[in-house]
Amino acid sequence: MAAQLSVRFRSTHGDVGPFSFSEEALVSALKERLLQEWPKDGPLAKEPPTDASSLKLILSGKFVESNKPLKEYKKDMGEIKADTVVTMHVVVRQSTAPVKQSSSAPADKPEAAKSGCCIVS
């Protein structure tokens with residue numbers, strides 16, 4: 001039987017969880033659960049995720065990959081005891097709307113690259 005891990009998700013606006021997961025669970029399953037349990041009111045409701053792919057999880061300063069099981073990150077979790085709650089930081093990356101092209105600029109002529117660089121002598 002796979003061991004169970006208790007995981008809490010921490011955002012800049014507060015915490016969600018903790019929830020229990022099998023160490024065999026994929027990180028994508030954690031994201032799906034977090035998406036389902038995301039608070040509808042309170043400070044976390046200010047930046048709700050649109051889907052699981054908009055959630056980025058961080059453990060020990062590294063982004064965790066959705067296609068890997070939790071057990072691959074156990075070394076980053078430190079010593080796991082029966083009452084240990086692992087904290088993963090969560091960042092919500094909202095998808096950006098596609099930029100519309102200005103009707104005044106011709107579509108076939110690329111715009112010159114602009115640089116914010118300045119040389120001072």
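Me: What share of the contacts with a separation of 6 or more comes from residues 24 or more positions apart?
Reply: 57% of them. Bear in mind that this is a predicted model.

Me: What's the order of elements along the sequence?
Reply: β-β-α-β-β-α-β. That is 2 helices and 5 strands.

Me: How much of the chain is buried?
Reply: 26% of its 121 residues count as buried. The chain exposes about 8,500 Å², and carbon and sulfur atoms supply 53% of that area.

Me: How many residues are in the largest nonpolar core?
Reply: 23. The residues with the most contacts inside this core are F9, F21, L30, L34, L57 and M88.

Me: Which elements give two or more residues to that core?
Reply: β1 (4-11), β2, α1 (27-37), β3 (55-59) and β5 (85-92). The most come from β5, with 4 residues.

Me: Take L34. What does it touch beyond four places in sequence?
Reply: F9, V16, L55, L57 and V90.

Me: Now aromatics. How many pairs are there?
Reply: The structure holds 2 aromatic pairs. In one, the rings of F9 and F19 have centres 6.3 Å apart and planes at 40 degrees.

Me: Which residues make up the aromatic cluster?
Reply: F9, F19 and F21 form one cluster.

Me: Are F9 and F21 buried or exposed?
Reply: F9 has 1% relative accessibility, so it counts as buried. F21 is at 8%, so it is buried too. F19 is also buried.

Me: Switching to P18. Where is it?
Reply: In strand β2, residues 14-22.

Me: What is P18 in contact with, leaving aside neighbours within four places?
Reply: S6, V7, R8 and V85.

Me: How far is P18 from T87?
Reply: Their C-alpha atoms are separated by 8.5 Å. Along the chain, P18 and T87 are 69 residues apart.

Conventions: Residues numbered from 1 in each chain as written. Predicted model: local features only at pLDDT ≥ 70, side-chain atom pairs only at ≥ 80, totals over all residues. Heavy atoms only, no water. Contact = heavy atoms within 4.5 Å. Core = buried A, V, L, I, M, F, W, Y, C linked by side-chain atoms within 4.5 Å. Buried < 20%, exposed > 50% of the residue type's maximum accessible area, 1.4 Å probe, protein only. Areas by Shrake-Rupley, 256 points an atom, 1.4 Å probe, with all protein chains shown as cover. Phe/Tyr/Trp six-rings, centres within 6.5 Å; stacked < 30°, edge-to-face > 60°.
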